[in-house]
Amino acid sequence: MALKGLDIFKLTPKTNCKDCGNPTCMAFAMKVASGALPIEKCPHMSAEALATLGEATAPPMKSFKVGELSLGGETVLARHEKTLVSKTLYAVNVCDCMDAAKQDEVIAKIPTVDYERIGERMYAEFVNVTHCNDKSVDEYVALINKVKGLNRALILNVTCPTAAKAAVEAAAGTNFILNGATAENFAEMSAIATAANVLLGVRADSIDALHEVVEKLEAAGNKNLILDTSAATIKEAYANTVQVRRAALKDEDRTFGYPSIVNVAALANGDAHLEAALMSLFTCKYGSIVVCSEMTYAKALPLYGLRQNIFTDPQK
């Protein structure tokens, strides 16, 4: 449960030194309690006080960086309540199940949508590199080496620990997420992600099962996670994504206090119009990263305009 201003004030130095930029320690404590300032803004807090307050005063959703890309850190469900922190990012999917010509076609199209709108670069920030278990590890590594030339952040979408280990080695030198921890392989995948110092994507067959896997990963000491809320149906994927965010922000369930990935390419199944609609839906409703089959100007122009409207600070 979040601490009140008075609880935080009791652990401050109470010197009113103004080094934090506030006139008094009480004013500082109240701002920390409201989420306006981090506790570390006070340079005189003891290590014991920081340890006591750090977790309690942290945002309900953890924030991460993948290179220069920001994920998570949200404190509200809607932009009119307060500023939304991290804009939805987009990934284009490419799979080792595609033949070489199709892979090359998908990869070649990714950099073609890249433009500026009102001072902000609009492009697909990630490439979602998917491994099919009936393909060899060498084929997956070869695909990763192709994609690395784009200089985009990668999502290594792989559930086989052997392939994941090879993929992580192949992706060295790039910014990436390893997405593929399940109830069956989470220990091995966590070890691989921890050794590489990267975010680990977690998935499960149901939202309850997802909660259990995250609990196990946290108990093992891994809290560098992103939740894959994708599902077999649009209804289930939407419910998963909304419930995870509401649980974190409204119910203060820190087990679900992580960013999310939603794969709309799988849900749309080749229907470009449906895919565009789903990308808009999950931009509005809590997809931290939305995976699509391709990014075209027909999708990008309305989509990035929508994103920019949602993630513009309403207080400015």
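Asn179 is buried, with a relative accessible area of 2% (buried is under 20%, exposed over 50%, partly exposed in between; 1.4 Å probe, protein chains only). This is a predicted model: local features need pLDDT of at least 70, side-chain atom pairs count only at pLDDT 80 or more, and totals for chains, interfaces and linings use all residues. Residues are numbered from 1 along each chain as its sequence is written, and side-chain values use heavy atoms, with hydrogens and water left out.

**Asn179**
- Asn179 sits in strand E8 (residues 176–181). Helices (H or I, at least four residues) and strands (E, at least two) are DSSP runs, numbered from the N terminus.
- Leaving aside residues up to four places away in sequence, Asn179 touches Ile155, Leu156, Asn157, Val158, Gly201, Val202, Arg203, Asp228 and Ile261 (contact: heavy atoms within 4.5 Å).

**Helix H8**
- The 13 residues of H8 (residues 207–219) should span 18 Å at 1.5 Å a residue, and the end C-alpha atoms are 18 Å apart, which agrees. The expected span is 1.5 Å times one less than the number of residues.
- Buried in H8 are Ile207, Leu210, His211, Val213, Val214, Leu217 and Glu218. They cover an arc of only 165 degrees around the axis, so they lie on the same side of H8 (arc: directions from the helix axis to the C-beta atoms).
- These buried residues pack against helix H7 (186–196), strand E9 (200–202), strand E10 (225–228) and helix H9 (234–249).
- Exposed Asp208 and Ala219 are on the face of H8 turned away from its buried side.
- Gly221 follows H8, with a positive phi near 100 degrees.

**Met26**
- Met26 belongs to helix H2 (residues 25–34).
- Met26 is partly exposed, at 32% relative accessible area.
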